[in-house]
Amino acid sequence: MSNDNAHLMMPYWRLSGFYFSYFATLGVVEHRRRRFDTISVGTTAMTAPAINERYTLTAISLHWLVALLIFAGFSLGWIMTDIPGLTPTKLRYFSWHKWIGVTIFFFVCLRVLWRLTHRPPPLPPMPRWQRIAAQVSHGTLYGLMLLIPLAGYLYSYAAGVPVVYLGLVELPPLITPNPAHEDIFKYTHIGLNFTMAALVIGHIAAALGHHFIRRDGVLARMVPFLSRRTES
Amino acid sequence: MRIIRWAVVPIALAAMAAWAQTPTANPGTISFVAKQMNVPIKGQFKQFSAQIQFDPARPAAGKAAVEIDVASLDLGDKEFNYEMNTKTWLDTRTYPKATFISSAIKAIAPDRLEVSGKLTIKGKTLDVAVPVTLKTEGRTRVFEGTLPIRRTTFNIGEDEWRDTSVVADEVQIRFHLIAAPQ
């Protein structure tokens, strides 16, 4: 039997699982999906050992929004510091970079609050060290997502340049300008960025490893359009 | 050695003359604020001289002359300072001095003056009227105020910088000049 026809041999509850996954991508609210999960667990003991629960829609939206902003902010930071001399484009990029940083800081504060008040979906069975590694790296990422914009912000104010969010609101100076502090914050900002880049690569590698090698549904907890039930 | 020693004398005399011309040891400050996408960028001129003759009883007889050493500009960043000296911005090699020479002083109130005169920056001269606040602190007089200028009028920021969407056209020049009693 060819793989192309595999879905025809699928039991009806799996098809309905796809059906519900489809609606979940359209933004069908959380409780409908949860109700389905309960039903499916009740009717089939044979369901794949993969986990069924997702992060909340709020957590998923914030995760991907912040991911996009981090990617944009990091790239822009890289490009703008490579532009030699002084050009209008360079100054424009500096302003955008700062606005992105402030936005990330704001959304990560929301994420931390949400994370503290909402239990994340359970992990599938995995070795203890992996569980710990996941917890430590997630905690560190949260810390870095707050510290990196903060270090950049302080770097700007140490250099005597206020941050004017979206060119509209001048944000409070937390410190007084000081050329000696400028370099400290600058290298903290850069050092933490490379730390985070390394962690993000590990984060992505782990997510892809779980999805394509382990096929344990870990990635689907954070990706709305992925089927929650992967072949086991 | 002998030549060097003799050269020192006129330099020292010139320095003493310059010292005598400055009103006090602390002549005050001349700074400016430009806006880059609404971000205030502050800078100051570390070297300038100001000669002010002013008698409150006869303000119209007063005179003021300010000469700024443009290359002494400090934006608080080495790279930016370097850029400001280039041809695109202030071209300090061709135009090392910026000056203001008063032509008329008018008293508007006991502590407010309007000083008209010629402002020269980057080789371009413009007639301006500067609002000045007069303060008497002990035996010294302080003249302070803000003069908004349009940088493009003086060709400050050429080529791609003529576009004022990143660096605004208006630049505020702020002065706080301290004059010793005469």
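How many bridges join strand E6 (residues 97–109) of chain B to strand E7 (residues 112–121) of chain B? I opened the notebook with that count and found nine, with the two strands running antiparallel.

**Conventions**

I noted that this is a predicted model, in which local features need pLDDT of at least 70 and side-chain atom pairs count only at pLDDT 80 or more, while totals for chains, interfaces and linings use all residues. Residues are numbered from 1 along each chain as its sequence is written, and chains are lettered from A and ligands numbered from 1 in the order in which they are written.

I took helices (H or I, at least four residues) and strands (E, at least two) as DSSP runs, numbered from the N terminus. I took two strands as paired if DSSP finds at least two bridges between them.

**Entry: the sheet of chain B**

I recorded two helices and 10 strands in chain B. From the N terminus on, I read their order as α-β-β-β-β-β-α-β-β-β-β-β.

I then looked up how the strands are arranged. They form an open sheet of 10 strands in the order E3-E4-E6-E7-E8-E9-E10-E1-E2-E5, with antiparallel pairing. Strand E3 (48–53) and strand E5 (73–74) each have a single partner strand and stand at the edges, so one side of each is left without a neighbour in the sheet.

B:Gln44 has B:Asp74 of E5(B) as its bridge partner.

Further along the sheet, I returned to E6(B) and E7(B), which a hairpin joins through two residues. In this pair, B:Ser102 is bridged to B:Gly117 of E7(B).

I next followed E7(B) to strand E8 (residues 124–137), with which E7(B) pairs in the antiparallel sense over 10 bridges.

**Entry: the helices of chain A**

I counted six helices and two strands in chain A. Along the sequence I read the pattern α-α-α-α-α-β-β-α.

For burial, I called a residue buried if 20 or more other C-beta atoms lie within 10 Å of its own, with C-beta atoms placed from the backbone. By this criterion, 20% of the 232 residues of chain A count as buried, and 22% of the 182 residues of chain B.

I checked the length of helix H3 (residues 57–82) of chain A. At 1.5 Å a residue, its 26 residues should span 38 Å, and the end C-alpha atoms are 38 Å apart, which agrees. The expected span is 1.5 Å times one less than the number of residues. I listed A:Val66, A:Ile70, A:Gly73 and A:Gly77 as buried in H3(A). H4 and H5 of chain A are included in what covers these buried residues.

I applied the same check to helix H6 (residues 179–214) of chain A. Its 36 residues should span 52 Å, and the end C-alpha atoms are 51 Å apart, which agrees. The buried residues of H6(A) are A:Phe185, A:His189, A:Met196 and A:His210, and they pack against H5 of chain A. A:Arg215 follows H6(A) and has a positive phi, near 50 degrees.

**Entry: the crossing of H4(A) and H5(A)**

I looked up helix H4 (residues 88–117) and helix H5 (residues 128–158) of chain A, whose axes come within 9 Å and cross at roughly 145 degrees. The axes are lines fitted to C-alpha atoms over the stretch in contact, and angles run from 0 to 180 degrees between N-to-C directions.

I counted two residues as in contact if their C-beta atoms, placed from the backbone, lie within 7 Å. The residues joining H4(A) and H5(A) include A:Gly101, A:Phe105 and A:Val108 of H4(A) and A:Leu146, A:Pro149 and A:Tyr153 of H5(A).

**Entry: where the chains meet**

I found 15 residues of chain B in contact with 14 residues of chain A. On the chain B side, strand E2 (39–45) and helix H2 (78–85) are the elements that give two or more residues. E2(B) provides the largest share, four residues.

Notes: Buried ≥ 20, exposed ≤ 12 C-beta atoms within 10 Å, placed from the backbone.
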